[in-house]
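Here is a short briefing on one protein model. The points below are grouped by topic.

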Amino acid sequence: MFTEAQLYSPVTTGADGDVTVHLSDEHPGVHDPAYRTRRNTIAALAMAYRPGEPLPRVDYTAEEQEVWRIVSAELARKRRRYACAEVLAAAEHLGLPADHIPQLGEVSEKLFPLTGFRYVPAAGLVPLRQFFGSFADRIFHSTQYIRHHSAPLYTPEPDAVHEILGHANQLASPRFAAIYNEVGAAVARLETDTALKFLADVFWFSMEFGVVREHGEVRCYGAGLLSSFGEIEEFRGAELRPLNIAEMGTVDYDITHYQPVLYCADSIAEIEDMVGGFFAGMDDESPLRVASQPTGK
Ligand SMILES: [Fe+2]
């Protein structure tokens with residue numbers, strides 16, 4: 001689908017306990033030994049974390065803080081132009097810092113009073129069942145590394161900018177947080193991998209890449225769009241289709257290429273009714289059930 005910020009770099013632990021992050025050959029930081037060491041160190045912090053322990057703090061470098069300042073300012077500007085009112089209000093209430101990368105503890109302190117969500121560390125890709133299932137406990141697994149300083153407005157993988165400026169600004173809305181919560185509750189009812197994949201795909205086309213019509217204009221609410229400097233402008237050129245759960249859960253997409261189809265809601269209430277409502281009643285049979293209904297609901 002969108003080329004940015006969707007593929008996590010694999011993380012492995014060697015026999016000696018050393019944690020290694022495997023960057024792709026195209027990653028802007030792949031030829032920077034200091035950056036690679038840094039990524040290993042930050043991933044090791046997340047791997048060592050156990051629930052209930054204090055959240056790991058990353059001692060961000062001046063270079064990393066500068067990347068945050070640049071991208072945070074640019075995305076705030078883009079948000080005002082392209083994000084829906086619900087996200088803009090949520091971001092305003094949350095008040096994320098623009099001058100430094102917030103630690104996960106700082107994000108949680110701001111988010112928890114608004115919607116009860118808390119952030120915990122992730123080294124990289126978290127298994128689908130764990131990632132989506134933890135929304136039932138209002139927990140969000142977040143990476144802590146930052147994109148390479150040579151390309152502050154681009155990242156090939158989800159970084160702290162995506163997790164925080166994308167998801168936390170969305171999770172600060174009680175209406176969107178309630179949908180995440182239904183996703184988590186649904187995961188507890190699902191046994192098949194097919195149903196779990198269907199849930200992940202509906203989430204992808206709504207909470208990651210969803211758009212909504214507002215005062216005659218198309219605005220975004222998906223975290224993937226909110227955190228992407230390049231792609232946030234692209235959605236207005238996409239083919240927009242009405243919400244259709246059956247389609248969203250099954251349509252083929254290639255996350256490494258631009259895909260010109262997005263699902264556009266007429267209002268936040270429609271997202272709550274159709275997407276939230278689907279998750280609220282979802283079980284293993286739901287993919288088959290929605291496929292047999294002409295409206296795809
Ligand atoms: Fe995401």
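Predicted model: local features only at pLDDT ≥ 70, side-chain atom pairs only at ≥ 80, totals over all residues.

An iron ion has three named protein donors, H162, H167 and E208. The disulfide count is 0. R138 and H215 each need a look at phi: R138 has a value of about 55°, and H215 has one near 50°.

**Iron site**

- Along the chain, the donors follow the spacing H-x4-H-x40-E.
- H167 sits in helix 6 (residues 160-171) and E208 in helix 8 (residues 193-208), so this pair ties together parts that are 41 residues apart in sequence.
- H167 is buried, at 1% relative accessibility.
- E208 is also buried, at 8% relative accessibility.

**Helix 4 against helix 6**

- Helix 4 covers residues 104-115, and its axis comes within 9 Å of the axis of helix 6.
- The two axes cross at roughly 25°, which means that helix 4 runs roughly parallel to helix 6.
- On the helix 4 side, the contact uses V107, L111 and T115.
- On the helix 6 side, I164, A168 and L171 meet them.
- By class, this contact has 5 nonpolar residues, 1 polar residue and no charged ones.

**Cysteines**

- The cut-off for a disulfide is 2.5 Å between the sulfur atoms.
- For C264, the closest cysteine sulfur is in C84, at 11 Å, again too far for a bond.
- C84 is buried, with a relative accessible area of 0%.
- C264 is buried too, with a relative accessible area of 4%.

**Positive phi values**

- Most residues other than glycine have a negative phi.
- R138 is not a glycine, yet its phi is positive, at about 55°.
- R138 belongs to the loop between helix 5 (128-133) and strand 4 (139-142).
- With a relative accessible area of 23%, R138 is partly exposed.
- H215, likewise not a glycine, has a positive phi near 50°.
- Where does H215 lie? H215 is in the loop between strand 5 (211-214) and strand 6 (217-220).
- H215 is exposed, with a relative accessible area of 83%.

Notes
Residues numbered from 1 in each chain as written. Heavy atoms only, no water. Buried < 20%, exposed > 50% of the residue type's maximum accessible area, 1.4 Å probe, protein only. Donors = N, O, S within 2.8 Å, 3.2 Å for Na, K, Ca; no water. Helix = DSSP H or I, 4+ residues; strand = E, 2+ residues; numbered from the N terminus. Axes fitted to C-alpha atoms, helices over the stretch in contact; angles between N-to-C directions. Parallel < 35°, antiparallel > 145°, perpendicular 65-115°, else oblique. Contact = heavy atoms within 4.5 Å. Nonpolar A, V, L, I, M, F, W, Y, C, P; charged D, E, K, R; others polar.
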